[in-house]
Amino acid sequence: MMARLDRFDTDEVAAGLIAYLDDSPTPFHAVASAAALLEGAGFTEVDETQAFPEGPGRHYLVRGGSLVAWSTEHLPAGAGPATGFRVVGAHTDSPTLRIKPRPDVSSAGFAQLAVEPYGGLITNSWLDRDLGLAGRVTLRDPQGTDGVRTELLDVDEALLRVSRLAIHLDRDVREGEALNAQRHLVPHWSVSPDAPAFTTWLAGRLGVAEADVLGWDLMAYDLTGAARIGLDGGLIASARLDNLATSYAAVRALLDAVGSPVGDGAAIPLIALFDHEEVGSMTERGAFSQLLPAVLERIVLARGGDRQDHLRALASTVIASGDMAHATHPNYADRHEPGHHIAVNGGPVLKVNTNGRYATDGLGTAAFRLACQQAGVPMQEFVVRSDLPCGSTVGPMTAALTGSTTVDFGAPTLSMHSIREVCGTADQAMYAACLAAFLDPA
């Protein structure tokens, strides 16, 4: 049997990821980019306020910066409504600077925008960068739902900058900068005495009346595009690799799974791309919400099942929670568990933590290991040093909400949570291939 990896060309997957990263400066854009890829493969959008479609089909739904997509097309004849799911989870958000509701401030002749740090960003990586502005704006619209509509905004221009203090004014800067988020991360965007108020500028940019701007979810982002780097192009450098690299791999895996003759269709393949992982996931569209459990139940009901069938389906469901993994840093190898070094371009990474920060157990390990074997890719194993705290993912949350076997995994990354991160080029095809094998096991 042909290994799943043979279906993924390394250069093509890398080029696709780079395009996806550049098109997705915010979670809302990441969802729109993913939806475009899905629609190109025959997926249709489902409105949550309407009944789910009955019968086989390819579908997705969007809730803000989150997306869930699935297919019931390739189930064998006679598959009942209690059929379980194969789920790949990821997240669409990344640490950033978000615009406050009343952002207009000024100092020393500079017009500035007040921002609030979102997530665990490495603050000094945001200094001296050309920053654009993007996100979602909510506008008054009598024809819209509840009298409003939303519009995506992407100002792909050098609009904002957070300038570093010169070394002459801070002789200790080489020892490390102590940045105060309230005082030192405020970007400037004009030195003109006639600079407009932010809402005035925003309304003009969108071509609407200022009074019709009702709210926004806007954030700064690095304008430097994603690129292959290194002597042989073996690395990809970009903003938002954590965790758009997993989101893209999940979409590619689902597209491969639904178009593949591989596997017996014993489970329904589904991907869930959640917003707000970086801030705890406890929102209406985060992994700690009812978004995934509700969608799983509604799929069962649309296929003619009942609550009993839904619970039976969850009992046979396996979830793979994807978030980027720490590659062993060449300059700080001592910060890593010595028996579990992670190599860039060394294959997908199983993430294990006995204290439950990752959801992986023996059953989940087996499911992911088999997927890697069927894909024809190596699998690495990550464990944090016993004297360091361990981060977490959406895996434990989805495991607790569904009661389903769950495994945490990732792809090797350096500079995680910096404004610009690095991952391996060859890893991306292996990543997508193993996830395709997980969604559609042989």
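Biologist: Which exposed residues does the face of α7 turned away from its buried side carry?

Modeller: This is a predicted model. Helix α7 spans residues 307-315, and D309, H310, A313 and L314 are buried in it. Those four lie on the same side of α7 because they cover an arc of only 140° around the axis. The face turned away from that buried side carries the exposed residues Q308, R312 and A315.

Biologist: Which residue caps the N-terminal end of α7?

Modeller: The cap involves the backbone nitrogen of Q308. A side-chain oxygen lies 3.1 Å from that nitrogen, and the residue that supplies this oxygen is D306.

Biologist: How many residue pairs are in polar contact between domain 1 and domain 2?

Modeller: The domain assignment gives domain 1 as 4-94 + 239-439 and domain 2 as 96-222. Between these two, the count of salt bridges is zero. For residue pairs in polar contact, both at pLDDT 80 or more, the count is six.

Biologist: What area do domain 1 and domain 2 bury between them?

Modeller: The C-alpha centres of the two domains lie 31 Å apart. In the interface, 20 residues of domain 1 are in contact with 21 residues of domain 2. Carbon and sulfur atoms account for 64% of the buried area, which is about 1,600 Å².

Technical notes
Residues are numbered from 1 along each chain as its sequence is written. This is a predicted model: local features need pLDDT of at least 70, side-chain atom pairs count only at pLDDT 80 or more; totals for chains, interfaces and linings use all residues. Side-chain values use heavy atoms; hydrogens and water are left out. Buried means under 20% relative accessible area, exposed over 50%, partly exposed in between (1.4 Å probe, protein chains only). Helices (H or I, at least four residues) and strands (E, at least two) are DSSP runs, numbered from the N terminus. The arc is that of the directions from the helix axis to the C-beta atoms. A polar contact is a pair of N or O atoms within 3.5 Å; within protein, one must be able to donate a hydrogen and the other to accept it, and residues adjacent in sequence count only if both atoms are side-chain atoms. Domain bounds come from an automatic or database domain assignment. Contact means heavy atoms within 4.5 Å. Buried area is the accessible area (1.4 Å probe) that two parts lose on being put together, summed over both. A salt bridge is a side-chain nitrogen of Lys or Arg within 4 Å of a carboxyl oxygen of Asp or Glu.
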